[in-house]
Amino acid sequence: LADLAMALDPSRMGPIVAAVPVETVAGIASALFERQEYAGMAAFVGVVTPAMLHAAFEVASPHDLLAVVPLLEWNANLDKVIAELPTGQVEAIAAELDAGEMADLALGLDPSRMGPILRVVPPATVAEVARVLFARKQVTAMVKFVDVIDDVPDEVVDALLGEIAGGEDWESAKQAFEEIGPEAQQTLFGRFDRLAPEHQER
């Protein structure tokens with residue numbers, strides 16, 4: 001079935017795909033992940049149901065997700081599945097991927113979709129990811145996450161903004177902050193009074 005799936009044009013297979021049992025989808029997804037058929041799998045996102053996406057994500061390893069996420073064409077079904085990722089799976093992702101890989105995953109997702117993940121990832125991991133993005137000079141990408149800052153726990157925001165405040169690339173951080181617009185700036189300023197005192201001073 002995995003071979004057949006890769007030989008088909010997903011855009012013409014909607015009714016057939018919809019009739020495949022979820023349990024079968026999990027088996028097919030597991031086989032395709034093992035073969036690293038990430039591009040082929042991504043092509044089916046537009047024709048599978050949320051239940052099928054859940055089944056596929058459940059058998060994906062953190063490194064499978066790291067590989068396939070940048071290839072996905074996002075839709076409402078994917079948003080729903082990401083929002084409903086089990087806490088245990090998100091914790092496994094944070095535990096298995098190193099800081100560089102977590103940074104890649106973060107950049108592969110639109111910031112608006114990172115809220116459910118950031119709520120679970122340990123603050124120390126968020127700080128490590130921030131260090132990686134600073135080292136790569138991807139400060140502007142970091143600042144985009146202000147869009148989900150209201151959904152993120154205080155301790156995670158404190159770790160992230162603390163890393164920015166204490167980072168070696170402080171001038172780049174200030175420049176990126178100036179570029180995000182007044183509304184996003186106001187949102188970010190609204191969290192400053194909940195930072196640790198040493199970060200507020202900076």
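1. Asp 64 is placed in helix H6, which covers residues 62-68. The model under discussion is a predicted one. In this model Asp 64 is buried and yet takes part in no salt bridge. The nearest side chain of opposite charge belongs to Arg 35, at a distance of 12 Å.

2. Arg 35 does have a salt bridge, but with another residue: its side chain meets that of Glu 37 at 3.4 Å, N to O. Arg 35 counts as partly exposed, at 38% relative accessibility. Glu 37 is likewise partly exposed, with a relative accessible area of 26%.

3. Gln 36 is found in the loop between H3 and H4. This residue has a positive phi of about 60°, although it is not a glycine. Is Gln 36 buried or exposed? Its relative accessible area is 56%, and Gln 36 is therefore classed as exposed, the cut-off being over 50%.

4. The chain as a whole contains 16 helices and zero strands. Of its 202 residues, 46% are buried. The chain exposes about 10,500 Å², and carbon and sulfur atoms supply 53% of that area. Among contacts between residues at least 6 apart in sequence, 83% join residues at least 24 apart.

5. The largest nonpolar core has 43 residues. Within this core, Phe 57, Leu 72 and Val 121 are the residues with the most contacts. At least two core residues come from each of helix H3 (22-34), helix H4 (38-42), helix H5 (50-58), H6, helix H7 (76-83), helix H8 (87-96), helix H9 (99-108) and helix H11 (123-135). H3 gives the most to the core, with six residues.

6. Ser 30 lies in helix H3 and is partly exposed, with a relative accessible area of 33%. Ser 30 and Phe 57 are 27 residues apart in sequence, and their C-alpha atoms are 9.4 Å apart. Ile 82 lies in helix H7; with a relative accessible area of 4%, Ile 82 is buried. The C-alpha atoms of Ile 82 and His 54 are separated by 8.9 Å, and the two residues are 28 residues apart along the chain.

7. Which residues of H8 are buried? They are Gln 89, Val 90, Ile 93 and Ala 94. Seen down the axis of H8, these buried residues fall within an arc of 140°, so they line one face of the helix. In general, an α-helix has 3.6 residues a turn, so residues three or four places apart point the same way.

8. How many salt bridges does the structure hold? There are three. One of them, that of Arg 35 and Glu 37, was described above. Another is formed by the side chains of Lys 80 and Glu 84, at 2.8 Å, N to O. Lys 80 is partly exposed at 40% relative accessibility, and Glu 84 is partly exposed at 38%.

9. The side chains of Asp 104 and Arg 136 also meet in a salt bridge, at 2.9 Å, N to O. This pair links distant parts of the chain, since Asp 104 is in helix H9, whereas Arg 136 is in the loop between H11 and helix H12 (139-143), 32 residues apart. Asp 104 counts as partly exposed, at 36% relative accessibility. Arg 136 is partly exposed too, with a relative accessible area of 34%.

Terms used:
Residues are numbered from 1 along each chain as its sequence is written. This is a predicted model: local features need pLDDT of at least 70, side-chain atom pairs count only at pLDDT 80 or more; totals for chains, interfaces and linings use all residues. Side-chain values use heavy atoms; hydrogens and water are left out. Helices (H or I, at least four residues) and strands (E, at least two) are DSSP runs, numbered from the N terminus. Buried means under 20% relative accessible area, exposed over 50%, partly exposed in between (1.4 Å probe, protein chains only). Lys and Arg count as positive and Asp and Glu as negative; His and the chain ends are not counted. A salt bridge is a side-chain nitrogen of Lys or Arg within 4 Å of a carboxyl oxygen of Asp or Glu. A nonpolar core is a set of buried Ala, Val, Leu, Ile, Met, Phe, Trp, Tyr and Cys residues joined through side-chain atoms within 4.5 Å. Contact means heavy atoms within 4.5 Å. Accessible areas come from the Shrake-Rupley method with a 1.4 Å probe; for residues, only the protein chains shown count as cover. The arc is that of the directions from the helix axis to the C-beta atoms.
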